[in-house]
Amino acid sequence: HRNERINTEARQLLIELDQWQACETDMQPPRQGSVVIGLDLGGSASMSAAAFYWPDSGRLECWGAFPDEPTLAVRGVNDGVGRRYCDMAERGELRTFTGRTVPVSAWLAQVLAHVDGEPIATVLADRFKQGEVQDGLAAAGYRGPVTWRGFGWRDGAEDIDRFRRVIYDRRVAAPRSLLLRSALSDAVCIADAAGNPKLAKGRSAGRIDPAAAAVLALAEGERMATRPAVKRRLAWA
């Protein structure tokens with residue numbers, strides 16, 4: 001490169017919006033088989049999000065959470081999205097918790113209650129926030145499997161490739177969600193010199209947390225579909 005201040009990062013959308021819209025449906029398939037839960041824990045400014053994916057039927061559900069200080073209307077103005085957060089809340093896609101941060105244990109209790117009685121294959125979360133998520137899951141009474149993933153080049157590239165494969169093959173059936181459409185329209189990937197993508201999570205206004213949670217859930221569902229079935233062996237008494 002010449003001695004100039006230029007941006008050498010290759011950026012691309014996580015998924016084209018028309019490809020995502022092809023997976024949207026008014027009549028979702030039933031909850032069938034085990035559910036995979038992808039989590040993206042936010043802070044005071046960013047959104048917390050949970051994605052629920054049933055690989056056997058392709059059903060996808062997602063909802064986000066914000067603290068109620070400041071209000072959704074004020075957040076919308078600060079983020080330059082107008083009434084979008086208020087519209088998400090009216091549609092039941094966005095919830096608020098009292099305080100300036102989303103309480104992890106209370107949020108995870110609602111996440112688990114959303115699939116109460118459903119068999120959970122695994123819960124996926126960013127290993128960077130492993131301590132907070134572990135404590136929250138323990139407080140919520142969850143004792144099942146947890147898978148820790150990273151959003152860096154290694155885990156991030158694999159998860160994004162698998163997420164895109166599920167979308168391209170239309171093995172997901174999602175509702176017409178303003179929350180997901182908004183997140184996916186802002187979700188941008190950075191590629192390294194070898195072309196490996198990872199989510200650009202350092203954006204100031206774009207709330208891509210639901211997209212990040214969906215990437216974790218769909219990628220794990222795709223891994224489950226490609227794992228060979230375990231054959232039982234007969235044992236002589």
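Colleague: Where does Asp-192 lie in this predicted model, and is Asp-192 buried, exposed or partly exposed?

Modeller: Asp-192 is found in the loop that runs between β8 (188-191) and β9 (197-199). Its relative accessible area is 25%, and since buried requires under 20% and exposed over 50%, with partly exposed in between, Asp-192 is called partly exposed.

Colleague: What separation do the C-alpha atoms of Asp-192 and Trp-153 have?

Modeller: Along the chain the two residues are 39 residues apart, while their C-alpha atoms are separated by 8.0 Å.

Colleague: Why does Arg-170 count as exposed, and where does Arg-170 lie?

Modeller: Arg-170 has a relative accessibility of 59%, and because the exposed class begins over 50%, Arg-170 counts as exposed. This residue sits in the loop between α6 and α7, and although Arg-170 is not a glycine, its phi is positive, at about 55°.

Colleague: What makes the peptide bond from Glu-69 to Pro-70 cis or trans?

Modeller: Omega for the bond from Glu-69 to Pro-70 is near 0°, and the bond is cis. Pro-70 belongs to the loop between β4 and α2 (72-79).

Colleague: How do you know whether α6 is roughly parallel or roughly perpendicular to α8?

Modeller: Two packed helices are described by the angle between their axes together with the distance between those axes. The axes of α6 and α8 cross at roughly 75° and come within 8 Å. Because angles of 65 to 115 degrees count as roughly perpendicular, α6 is roughly perpendicular to α8. On the α6 side, the residues making the contact include Ile-160, Phe-163 and Val-166, and on the α8 side they include Val-215, Leu-218 and Glu-222. By class, the residues of this contact divide into nine nonpolar, six charged and one polar.

Colleague: How many residues does the largest nonpolar core have, and which of them have the most contacts inside it?

Modeller: The largest nonpolar core has 42 residues, and those with the most contacts inside it are Leu-14, Leu-60 and Phe-163. At least two residues of this core come from each of β3 (48-54), β4 (59-67), α3 (84-90), α6 (153-168), α7 (178-186) and α8 (209-226). The largest share, eight residues, is supplied by α8. Leaving aside residues up to four places away in sequence, Leu-14 touches residues including Ile-160, Phe-163, Leu-184, Val-188 and Val-215. Another core, of 23 residues, lies apart from the largest one, and Ile-37, Val-102, Trp-107 and Val-115 are among its residues.

Colleague: What share of the 237 residues in the protein do buried residues make up?

Modeller: Buried residues make up 46% of the 237 residues, in a protein with eight helices and nine strands. Of the contacts between residues at least 6 apart in sequence, 71% join residues at least 24 apart.

Note on methods. Residues numbered from 1 in each chain as written. Predicted model: local features only at pLDDT ≥ 70, side-chain atom pairs only at ≥ 80, totals over all residues. Heavy atoms only, no water. Core = buried A, V, L, I, M, F, W, Y, C linked by side-chain atoms within 4.5 Å. Buried < 20%, exposed > 50% of the residue type's maximum accessible area, 1.4 Å probe, protein only. Helix = DSSP H or I, 4+ residues; strand = E, 2+ residues; numbered from the N terminus. Contact = heavy atoms within 4.5 Å. Axes fitted to C-alpha atoms, helices over the stretch in contact; angles between N-to-C directions. Parallel < 35°, antiparallel > 145°, perpendicular 65-115°, else oblique. Nonpolar A, V, L, I, M, F, W, Y, C, P; charged D, E, K, R; others polar.
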